[in-house]
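Subject: Structure for you to look at

Hello,

Here is the structure I said I would pass on.

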Amino acid sequence: MTKSSWLRKLLPLAVSFATTIAVAGSIAPPTCAQTNPPPPESQEVQLAQVEGISIPIWIYPVGAIVLIFIFLPKIGWTLGLIAIGEREVGIVTKKFSSKNLPSDRLIALDGEAGLQADTLPPGWHFGYFPWQYSVRKEPVVVVPQDEIGLIIANDGATIPPDRILGKVVDCDNFQNARKFLTGGGEKGRQLAIITTGTYRINTAVFEVITSANASQKGMEPWEFQVYKLAPQCVGIATILDGVPIDEGEIAGPIIPGHDNFQKAQSFIKGGGRRGLQEQVILSGSWNLNPWFAQVEQVEMTEVPIGYVGVVISYVGRSQQDISGGAFTHGNLVNKGDKGVWVEPLYPGKHPINTKVMKVELVPTTDVVLNFTLRFSGEHGYDSNLTALKLLSFDGFTFDLEVFQIIHVGTLDAPRVISRQGSMQNLIDQVLRPIVGNYFRNSAQEYTILDFLIARSERQAEAAEHVRQALRAYDVQAVDTLIGLISPPAELMQTLTDRKIAQEQEKTYEVQRSSESQRQELVRATAIANIQNQVVAAEEGVKIAQLNASAAIEHASGEAEGIRLMGQAKADAYQVGVNALGTQSYTLLQLMQAVSDGSVRVVPDVAVNGNGGSGGLLDGLMAMLLRNETSKNGANGSQSPIINVNKSDVAVVESVAESPVAKVNGVKTPKSSESPANLPVAKVANVTSVNSQKSPNSPTNSLDTKSEEVAETDINSLFGELSDDI
């Protein structure tokens with residue numbers, strides 16, 4: 001403090017001291033008259049003291065102390081003593097001074113009359129005489145935990161017109177008003193804030209607003225809370241002070257070094273723009289001045305699994321296209337530039353400022369688009385798609401449901417968005433016309449029955465056509481499927497009847513095949529049951545064939561032998577005829593045949609009768625008896641001869657090698673004729689003659705008769721042969 005200031009303080013003190021002395025001097029000490037003997041009353045008192053009543057000596061210092069305490073405030077007031085408590089601050093107002101404040105100032109800095117910039121800290125302060133100073137004791141400013149305090153300066157420089165808040169000045173958190181005013185502090189609402197704590201602030205210079213008095217200042221208590229940002233959110237800031245945003249921009253650029261808008265002065269000095277900011281605030285607690293920054297919390301941008309996020313930025317440093325010359329349907333820019341970012345966002349959560357950027361989700365999995373109203377996919381892209389109404393070649397109108405499967409690659413997603421703007425635009429403006437027009441054109445080339453019957457071919461053709469068409473839009477068409485076809489009811493009835501007939505035909509065919517198989521099974525079973533017989537029959541046939549072949553070969557051999565023998569006999573006969581003559585050789589052969597027994601002269605059975613009717617029966621009995629005799633007799637080759645007379649007993653004799661002759665007729669003899677005189681039957685066509693007589697003949701008469709018959713027959717035979725020759 002300068003010498004003049006000390007003199008100014010001492011001058012009031014000296015005046016106050018002189019006044020006190022003057023007042024004390026006006027009380028005269030006791031006069032001599034007062035030393036004279038007291039009046040009678042005082043004599044009585046004196047007598048009392050003499051009688052034994054006295055005042056102790058210690059009463060005098062105690063009384064002095066009491067008097068000091070009683071009159072000390074008056075003495076302090078007289079001496080300009082000010083006592084400030086520990087949680088108080090003294091606000092000094094000078095009532096008069098030789099200097100006056102400038103017209104643009106409210107706070108005195110150089111001893112001018114008025115509110116003083118300096119405050120009185122806790123303690124005793126002298127020289128602040130009440131007739132010159134007025135000291136107001138104010139409680140210290142307390143900012144509660146997790147809150148902030150706002151400041152309004154009542155004095156200082158004028159805020160420039162391009163700003164609305166006073167700049168930040170280093171003034172010990174507004175506790176040093178002199179430093180604030182001398183350092184260029186500006187009057188009005190301040191950029192700087194005070195955080196949690198206790199401050200000795202000159203409330204005459206600075207008006208402090210906290211949650212306690214917020215309602216008195218037209219604010220809400222929650223505005224003074226430390227701003228807290230949720231973990232899954234980002235804060236989009238709008239700045240209320242700074243340089244205006246450049247023309248053509250919608251948000252201020254990112255300014256480094258302001259610690260998420262907590263250092264407001266750094267933001268202003270760095271060229272920060274007021275208004276919407278590109279930079280976002282991440283989760284945490286932040287001391288933000290609500291007069292400077294307003295923050296809106298939004299959810300982080302989530303890119304689900306199976307999707308990528310294509311960022312469309314409306315702010316950025318440049319718009320340089322990096323898509324290349326081959327892609328002429330849009331622009332792609334680097335990350336951070338204005339436009340469609342060439343690099344998509346992959347699945348996860350991203351702190352994107354949705355006020356200045358747009359994220360278009362593009363599915364990277366296969367997407368099924370349903371051209372029907374019966375149902376739609378969860379993605380919602382096909383909400384505007386309906387079944388196609390088609391007109392066939394034969395004039396029928398029918399509805400067709402189509403299911404289109406598409407796929408967009410991760411690196412192709414930015415191209416698709418740059419060209420179409422969104423996936424919904426791709427579906428509505430590209431896919432729907434391509435699919436619809438193809439099926440309308442295809443339906444008019446076929447009748448509805450052909451379209452129904454050959455739907456698989458139509459489906460394959462459609463898939464290839466759509467695949468080629470979407471390839472130009474950087475979209476992969478996985479497949480095109482034909483769904484429900486709804487032709488007219490009468491046509492469907494025709495097809496139904498035809499199908500039923502076809503199915504019945506198939507049923508009948510299956511039944512016929514089943515019956516054939518059953519017959520085959522029965523046949524196979526029967527064959528299996530008679531397999532032994534079949535094998536035996538087959539083998540018998542083979543044996544018969546072999547026997548027949550053997551018989552044929554045998555017959556052929558015999559025939560050849562007979563032929564050769566006949567040829568030999570013929571040659572022999574020819575030689576004999578040539579040698580003896582025809583008649584002589586014939587007679588010779590006849591005699592040879594008779595001698596060899598080749599000609600049977602005596603019959604096997606001779607039946608004789610006396611003219612009765614029992615000859616035939618007797619002959620049959622004789623033949624039966626002969627057969628039995630030939631079976632059981634000792635010599636089976638002997639034939640019996642039966643001489644039967646009607647009145648005589650038949651006699652049977654065995655004749656060895658009896659000649660056989662054909663009897664043309666036998667004359668029945670009369671009863672008077674004897675058997676010896678019976679005529680002998682004429683034998684014709686003699687095959688063999690045997691004149692041998694059995695040695696065991698039972699009667700000689702019968703044998704003699706037989707020889708006679710034979711000789712007579714032979715002689716007659718020779719006679720006939722001779723006549724013929």
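A salt bridge is a side-chain nitrogen of Lys or Arg within 4 Å of a carboxyl oxygen of Asp or Glu. Please keep in mind that this is a predicted model. The structure holds 24 salt bridges.

One of them joins the side chains of E186 and R163, with 2.9 Å from N to O. This pair links distant parts of the chain, 23 residues apart: E186 is in the loop between α4 (177–182) and β9 (188–194), and R163 is in the loop between β8 (149–153) and α4. E186 counts as buried because its relative accessibility is 6%, under the 20% limit. R163 is buried too, at 16%.

Another salt bridge is formed by E249 and K338, at 3.6 Å from N to O. Here the partners are 89 residues apart, with E249 in the loop between β13 (233–239) and α5 (264–269) and K338 in the loop between β19 (332–333) and β20 (339–341). E249 is partly exposed at 31% relative accessible area, whereas K338 counts as buried at 18%.

E464 is partly exposed at 39% relative accessibility, and R467 is partly exposed at 24%.

Lastly, a network of salt bridges links E457, R458 and E461.

Regards

Terms used
Residues are numbered from 1 along each chain as its sequence is written. This is a predicted model: local features need pLDDT of at least 70, side-chain atom pairs count only at pLDDT 80 or more; totals for chains, interfaces and linings use all residues. Side-chain values use heavy atoms; hydrogens and water are left out. Helices (H or I, at least four residues) and strands (E, at least two) are DSSP runs, numbered from the N terminus. Buried means under 20% relative accessible area, exposed over 50%, partly exposed in between (1.4 Å probe, protein chains only).
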